[in-house]
Amino acid sequence: MNYLLAVSGGVDSMVLLDYFCANPKIAKENITVAHFNHGTRPSADTDEAFAKAKAQEYGVAFISKKLFLGEGVSESDAREARYDFLKFEATRRNATLTTAHHLNDLTESILINLTRGTGWRGLTPMYNAPTSTYNIYRPFLELRWTKADILKYAAAHNITFREDPTNSEDNYLRNRIREQLRQASQKNTASLQDLSYRQSVLRQEIEEIATQLISDKTINRAWFQTLDDSTALELLYIYLKQNGISATTPQLKNFLEAIRTYTPGKLFNLPKNHLIKIEKTCFYLKK
């Protein structure tokens, strides 16, 4: 199996690189370090040079991409650009995209989702859905490692790394959440992580059943006249995911309303110019 490691140069990703290179079951020719240079700060080029030098030191392949997103770019836009690059390269190389996410990252993401008012899926931010067109391998979550475990590994193996100066800036929501978590009890954070795990198991069961129910390309329209709203929205969410489309809850509600009320032959617009053709007895995604 080939692995594409997302390496920023920070302590988490540098521990990930060392952890994989030290694994005797993984050949180094099957490891590629991928670095994304956002171009958002002066030290970004130094981070890229550091990641490249470390990849050469470990004897593994290195690829990178640089964009000039600017200092004012949002966290979500920067993340989207980064993952577009990582997923493209992983697909092109037939590799498994691998990240250094750990339990602290999971907890922070849950709290961010709750702050933003997301639904029940907000408790499972790093879930690999069976309907997803692309899944990410997060070995440190499987190991149940926290940030403390990462730092212990780094100290024990003399891992050198770069410190991102934006990690201490209060204008980033994740940093403010991180500071609050430092003051939270281990018992509370562990309970939240356990809740996320149990919710992930439940989510898998729900999505597997929904996928079986709505696996056809052409869907019976009358079905959605009798279903309750919550069940109908869940099925529409899965239907769109199967077709590589993400939609917000308001967009899903509008979609459901269109299914129930549109006259035959009308089109419904989905995100990114996708169209649904609504016929008298069915609806389907226009290609």
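Author: A contact here means heavy atoms within 4.5 Å. With that, residues 24 or more positions apart account for 69% of the contacts in the protein chain with a separation of 6 or more. The model is a predicted one.

Reader: ok. How many helices and strands in the protein chain?

Author: The protein chain has 11 helices and eight strands.

Reader: And what share of the residues count as buried?

Author: 44% of the 287 residues of the protein chain count as buried. The chain exposes about 15800 Å², and carbon and sulfur atoms supply 50% of that area.

Reader: Take the open sheet of four strands. What's the order?

Author: The order is β5-β8-β7-β6, and the pairing is antiparallel. β5 (218-220) and β6 are the edge strands, each pairing on one side only. From one strand to the next the twist averages 25 degrees.

Reader: How many bridges between β7 and β8?

Author: Four bridges, in the antiparallel sense, between β7 (residues 274-278) and β8 (residues 282-286). As an example, K277 has Y284 in β8 as its bridge partner.

Reader: Which strands does α10 touch?

Author: Helix α10 (residues 229-242) packs on the sheet and touches β5, β6, β7 and β8. The direction of α10 makes about 30 degrees with that of β8.

Reader: What about α11, which strands does it lie across?

Author: α11 lies across β6, β7 and β8, and runs at about 170 degrees to β6.

Reader: Which way does β1 run against β4, parallel or antiparallel?

Author: Parallel, with four bridges joining β1 to β4 (residues 95-98). In that pairing L5 stands opposite T98 in β4.

Reader: And against β2? How many bridges?

Author: Four bridges join β1 to β2 (residues 31-37), and these strands run parallel. A6 has A34 as its bridge partner in β2.

Reader: Now helix α1. How many of its residues are buried?

Author: 10 of the 11 residues of α1 are buried. Among them are V11, M14, L16, L17 and F20, and also D12 and D18.

Reader: On to aromatics. How many aromatic pairs?

Author: The count comes to 16 aromatic pairs. One of them is Y19 with Y153, which is edge-to-face at 6.4 Å centre to centre, with 65 degrees between the planes. That pair links distant parts of the chain: Y19 is in α1 (residues 11-21) and Y153 is in α6 (residues 147-156), 134 residues apart.

Reader: Is Y153 buried or exposed?

Author: Y153 counts as buried, because its relative accessibility is 12%.

Reader: What about F255 and F268, why is that pair stacked?

Author: The planes of F255 and F268 are at 5 degrees, so the pair is stacked; the ring centres are 5.4 Å apart. F255 is in α11 (residues 249-261) and F268 is in β6 (residues 266-270), 13 residues apart. Both F255 and F268 are buried.

Reader: Which residues do ring pairs link into a cluster?

Author: Ring pairs link Y3, Y19, F20, Y137, F140, W145 and Y153 into a cluster.

Reader: Which rings have a charged end sitting over them?

Author: Among them is the ring of Y83, with the charged end of R79 over it, 4.5 Å from its centre. Another is the ring of Y262, where the charged end of K266 sits 4.2 Å from the centre.

Reader: What does L106 touch, leaving out residues up to four places away in sequence?

Author: L106 touches P125, M126, L141 and S196.

Reader: And how far from T124 is it?

Author: L106 and T124 are 8.4 Å apart in space, C-alpha to C-alpha, and 18 residues apart in sequence.

Conventions
Residues numbered from 1 in each chain as written. Predicted model: local features only at pLDDT ≥ 70, side-chain atom pairs only at ≥ 80, totals over all residues. Heavy atoms only, no water. Phe/Tyr/Trp six-rings, centres within 6.5 Å; stacked < 30°, edge-to-face > 60°. Helix = DSSP H or I, 4+ residues; strand = E, 2+ residues; numbered from the N terminus. Buried < 20%, exposed > 50% of the residue type's maximum accessible area, 1.4 Å probe, protein only. Lys NZ or Arg CZ within 6 Å of the ring centre and 35° of its normal. Areas by Shrake-Rupley, 256 points an atom, 1.4 Å probe, with all protein chains shown as cover. Pairing = 2+ DSSP bridges. Axes fitted to C-alpha atoms, helices over the stretch in contact; angles between N-to-C directions.
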